[in-house]
Amino acid sequence: HPDKLALPVGTTLDRFIMRKQEDFPYATGELSQLLRDIALAAKIVNREINRSGLIDIAGAYGNRNVQGEDQQKLDVIANIRFIRALRNGGEVCTIISEEDEEVIQTGNVQGKYIVAIDPLDGSSNIDVNVSIGTIFSIYRRVSPTGGEGTRQDCLQTGTHQVAAGYVVYGSSTMLVYTTGNGVNGFTYEPSLGEFFLSHPNIQTPATGAIYSINEGASATFSAGTTAFVAYCKEQNYSARYIGSLVADFHRNLLKGGIYMYPASAKAPQGKLRLMYECNPLAFIVEQAGGKATSGRCRILEIEPHEMHQRSPVFIGSSELVEKAEQFLAQDN
Ligand code: AHG
Ligand code: MN
Ligand code: MN
Ligand code: MN
């Protein structure tokens, strides 16, 4: 009986974006085009990642980025691919990238959008065939079109995001995004070269039994973080930590759980970057019914004052994040 066959639902990402646009009769379609540009770059990066063991694009690039990290060749390649796609697309005037100290002015002075991007997340996992990702955040510019994007355009709080998403290059490649109206996930079909809607309207479980944190730094965690981690153990939660934020986040989003990158002595503001790691995932998690906090406030309400600024982050199922907040209150 054909109904018993698990045939793919058959909605491509392009068609889905187009349909969504029809819900907004006055939309000009520029945001739709921008999302398609990102999806195209993701396909190209996916191809590079898939063959990285065969050609010489794994390993270190021999340069240090503004974060003081040794760039991997794929960090550089992914950065070039996404910037090129956004520049060619024409909708984006200015890009903030993890791999570039200064903003990138695309030259598209009529572009209405600003993109903040972590082109390749989980660099330390590239060479060992473990899931990695891309994270992006989209803002509407506030300055009038006709000139370059300004500092004010680039340093908007997370609540102003118009869209955000990530790509996880895992056992299959997926693109997950929100435009503030729910979260949808698409799985890449490599032989067709298309993303298909596979996870419509993702809702994260209200609670879960997974906690994800790099406990190597536990000697210098705050009292609140230490107590919350002890609580997770008392509850017999499973510890899961890949070391690629996107992959850790994606697993917890679907299964329920909490991901934490707290402040420590080594990283007094935590490690993860507000503009292109914390904010986009916070937008997605809230749209899926979850929560994200720095321990002091909602991630999306943090006022950015620097493009590469960091923030501690506790993100995931709402009940677990609320529990963490109770423990973290003692640090404030
Ligand atoms: P990136 O590879 O983009 O620099 O991000 C690295 C981040 C993130 O992916 C991951 O969750 C975290 O660093 C892991 O840090 P630790 O090795 O300190 O746990
Ligand atoms: Mn990095
Ligand atoms: Mn990252
Ligand atoms: Mn990165």
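Which residues in H5 meet which residues in H8? On the H5 side they are Gly224, Thr225, Ala227, Phe228 and Tyr231, and on the H8 side Lys323, Ala324, Phe327 and Leu328. This is a predicted model.

## Helix pairs

H5 covers residues 223–234 and H8 covers residues 318–328. They pack at an angle of about 135 degrees, with axes 8 Å apart. H5 and H8 are therefore oblique to each other. Their crossing is right-handed. By class, the contact of H5 with H8 has six nonpolar, two polar and one charged residues.

One is with H3, where H2 spans residues 30–50 and H3 spans residues 73–89. The H2 and H3 axes run 9 Å apart at an angle of about 150 degrees. Angles over 145 degrees count as roughly antiparallel, so H2 and H3 fall in that class. H2 and H3 cross in a right-handed sense. H2 brings Gln33, Leu34, Asp37, Ile38, Leu40, Ala41, Ile44, Val45, Glu48 and Ile49 to the contact. H3 answers with Leu74, Ile77, Ala78, Arg81, Phe82, Ala85, Leu86 and Gly89. Sorted by class, the contact of H2 with H3 holds 13 nonpolar, two polar and three charged residues.

The other packing joins H2 to H1, residues 13–22. Here the angle is about 165 degrees and the axes are 10 Å apart. H1 and H2 are therefore roughly antiparallel to each other. H1 passes H2 in a right-handed crossing. Leu13, Asp14, Ile17, Met18 and Gln21 of H1 meet Ser32, Leu35, Arg36 and Ala39 of H2. The contact of H1 with H2 has five nonpolar, two polar and two charged residues.

| Pair | Angle | Axes apart |
|---|---|---|
| H1 and H2 | about 165 degrees | 10 Å |
| H2 and H3 | about 150 degrees | 9 Å |
| H5 and H8 | about 135 degrees | 8 Å |

## Ligand and annotated sites

An unreviewed UniProt entry gives "binding site" for Asp118, Asp121 and Glu277. The three span 160 residues in sequence, yet no two of their C-alpha atoms are more than 8.8 Å apart, so they gather at one spot. Asp118 lies in strand S5, residues 113–121.

## The annotated domain

The unreviewed UniProt entry also places a domain, "Fructose-1-6-bisphosphatase class 1 C-terminal", at residues 205–328. Over residues 205–328 the chain is 39% helix and 13% strand. The end C-alpha atoms of this stretch are 22 Å apart.

Note on methods. Residues numbered from 1 in each chain as written. Chains lettered and ligands numbered in written order. Predicted model: local features only at pLDDT ≥ 70, side-chain atom pairs only at ≥ 80, totals over all residues. Axes fitted to C-alpha atoms, helices over the stretch in contact; angles between N-to-C directions. Helix = DSSP H or I, 4+ residues; strand = E, 2+ residues; numbered from the N terminus. Parallel < 35°, antiparallel > 145°, perpendicular 65-115°, else oblique. Left-handed = near helix turned anticlockwise from the far one by under 90°. Contact = placed C-beta atoms within 7 Å. Nonpolar A, V, L, I, M, F, W, Y, C, P; charged D, E, K, R; others polar. UniProt positions renumbered as here; feature names shortened; annotations may be inferred.
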